[in-house]
Amino acid sequence: DTSSNTVIATIPSMSGPAGGSVNPSGTRVYVSCAGSDQVKVIDTSNNSVITSIAVGRWPQNSVINSTGTRVYVVNTLGDSVSVIDTSNNSVASTLTAGIVYPWFLAITPDGSKLLVPTGGVIKVFDTSNNGVLSANAGVGGGGICVSPDGLFAYSCGGTNLTRVNLSNYSATYLPHTNIGQPWGTETNGNG
């Protein structure tokens with residue numbers, strides 16, 4: 001409960017929970033469980049697991065599209081991304097094209113592009129057909145986020161922060177000021 005900063009429920013049977021996504025209506029939470037190579041679907045009305053979905057090896061982070069119809073899960077040791085159809089809670093497809101040891105991913109606000117930092121580069125996928133829009137949209141390996149207007153993506157890798165223009169996939173390496181080796185990125189509501 002965020003108003004009192006207290007735990008109101010503990011959900012058992014999670015083997016290595018690593019990341020999760022909440023659907024837009026707030027009725028379902030999709031939790032990546034690295035210990036069981038599954039995604040657990042939680043009904044938020046009663047905080048119970050309603051199903052388990054087998055995905056690739058060692059699932060970590062996930063994102064859900066703005067309509068709540070697809071959940072994308074990186075499988076770090078499976079070198080893939082599982083695409084879950086939320087209408088039947090099953091894997092609809094698996095993205096593997098050039099994906100190596102992925103940890104993070106991001107989706108544009110309109111849900112049309114999925115970005116996956118992998119193998120030191122950022123891959124951009126078309127979510128309508130799972131095709132590769134760009135095999136190398138800049139350097140990336142750590143966290144990634146998309147601006148609220150969907151025009152730019154930001155990713156960190158090593159000591160670099162990369163800004164990718166999502167209209168032409170050109171990358172700009174932003175100057176850093178002694179930030180060490182960042183692992184995650186996020187934009188505020190204003191971009």
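Me: Is Tyr101 buried, partly exposed or exposed?

Reply: Keep in mind that this is a predicted model. Tyr101 has 44% relative accessibility, so it counts as partly exposed.

Me: Which residues form a nonpolar patch on the surface with Tyr101?

Reply: Leu77 and Val100 do, and together the three have about 270 Å² of accessible area. Leu77 sits in the loop between β6 (70-75) and β7 (80-85). With a relative accessibility of 37%, Leu77 is partly exposed too.

Me: Now the rings. How many aromatic pairs turn up in the whole structure?

Reply: A search finds 2. To read a pair, look at the angle: planes over 60 degrees apart count as edge-to-face. Trp58 and Trp103 are edge-to-face because their planes stand at 85°, with ring centres 5.4 Å apart.

Me: Which parts does that pair tie together?

Reply: Trp58 is in the loop between β4 (48-54) and β5 (59-64), and Trp103 is in the loop between β8 (90-95) and β9 (106-107), so the pair joins parts 45 residues apart in sequence. Tyr101 and Trp103 make an edge-to-face pair as well, at 6.0 Å centre to centre and 75° between the planes. Put together, ring pairs link Trp58, Tyr101 and Trp103 into a cluster.

Me: How exposed are Trp58 and Trp103?

Reply: Trp58 is partly exposed at 30% relative accessibility, and Trp103 is partly exposed at 21%.

Me: And what lies over the face of Phe152?

Reply: That's Arg163, at 5.4 Å from the ring centre.

Key. Residues numbered from 1 in each chain as written. Predicted model: local features only at pLDDT ≥ 70, side-chain atom pairs only at ≥ 80, totals over all residues. Heavy atoms only, no water. Patch = residues over 30% accessible without salt bridge, like charges linked within 9 Å, V, L, I, M, F, W, Y side chains within 5 Å. Areas by Shrake-Rupley, 256 points an atom, 1.4 Å probe, with all protein chains shown as cover. Salt bridge = Lys/Arg side-chain N within 4 Å of Asp/Glu carboxyl O. Helix = DSSP H or I, 4+ residues; strand = E, 2+ residues; numbered from the N terminus. Buried < 20%, exposed > 50% of the residue type's maximum accessible area, 1.4 Å probe, protein only. Phe/Tyr/Trp six-rings, centres within 6.5 Å; stacked < 30°, edge-to-face > 60°. Lys NZ or Arg CZ within 6 Å of the ring centre and 35° of its normal.
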